[in-house]
Amino acid sequence: MIELQNVSVSFPVFHGDQDASLRSFLSRQIGNLSKVKTQNKQIVVEGLKNINLTIATGDRLGLVGRNGSGKSTLLKTIAGIYPISSGSISRSAPIRGFFNIGAGLDFSVSGYRNIRNLAYFYTQNREEIEDKVPSIIEFSELAEFIYMPVSTYSSGMIARLMVSVAVAFDAENILFDEVIGAGDERFLNKLNLRIGELIRDTKCFVLATHSVGLMKQYCNRAIWIDKGEIKLEGTVDEVIKAYQA
């Protein structure tokens with residue numbers, strides 16, 4: 001179970017004479033600039049405001065909202081990446097977030113070496129990583145290239161390497177900022193089957209997406225986020241209908 005009680009997240013940023021460019025940057029990164037306070041050369045952006053949310057075991061929760069509404073901020077707050085400004089969060093089990101699956105990628109070394117680099121962001125258990133390496137190579141279908149530097153890979157090969165590592169490790173709670181995808185149709189079908197297995201076996205699953213089809217496929221609940229606040233919570237059909245209207 002994951003529970004948020006009156007959670008707010010603010011981002012204080014000191015600035016000089018670059019207000020316009022800073023606001024533009026914050027808008028791209030956080031989005032919610034509707035509540036901005038400027039005081040003593042400090043901008044305070046309210047990314048989330050008074051979020052009350054319970055994600056119980058078995059919940060598959062979808063997040064909808066316009067770009068910059070607070071979906072990614074909420075995911076990263078649940079994951080512990082963003083500290084909360086007020087309120088409380090309780091998590092009954094560790095959380096794995098799929099936000100930047102390329103973190104740790106080193107183009108100067110081989111795909112084989114990169115598997116370990118990437119895997120370390122999902123588990124610090126070296127024995128578990130070593131056990132997973134053969135199956136990751138097999139899933140990626142890069143065996144004949146695995147000892148070549150990643151700088152020689154095509155963009156599609158790099159994507160397959162990254163997602164193969166990302167979906168190799170199970171987790172009790174999983175957060176997705178859009179479902180990851182890579183490769184041709186056949187590889188995507190295999191990847192979607194693996195993602196389906198992860199979602200089936202996890203306790204709690206949260207997906208932020210603009211895709212109605214993905215939300216209906218994977219989720220049994222939904223919330224609509226607007227300007228950092230929950231505007232509506234309900235079934236997937238109820239929330240999507242209201243949001244689209």
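I numbered residues from 1 along each chain as its sequence is written, and for side-chain values I used heavy atoms, leaving out hydrogens and water. As the model is predicted, local features need pLDDT of at least 70 and side-chain atom pairs count only at pLDDT 80 or more, while totals for chains, interfaces and linings use all residues.

I looked first at the sheet, taking helices (H or I, at least four residues) and strands (E, at least two) as DSSP runs numbered from the N terminus, and calling two strands paired if DSSP finds at least two bridges between them. I found six strands in an open sheet of mixed pairing, in the order S6-S7-S8-S4-S9-S10. Strand S6 (95-98) and strand S10 (229-234) each have a single partner strand, so one side of each is left without a neighbour in the sheet. From one strand to the next, the twist averages 20 degrees, with axes fitted to C-alpha atoms (for helices over the stretch in contact) and angles from 0 to 180 degrees between N-to-C directions.

I then followed S7 (residues 173-177), which pairs with S8 (residues 204-208) in the parallel sense over five bridges, and I noted Ile174 opposite Phe205 in S8.

I turned to helix H4 (residues 126-140) and helix H6 (residues 185-201), whose axes come within 11 Å and cross at roughly 140 degrees. In their contact (heavy atoms within 4.5 Å), I listed Glu138, Phe139 and Ser140 of H4 against Phe187, Lys190, Leu191 and Arg194 of H6.
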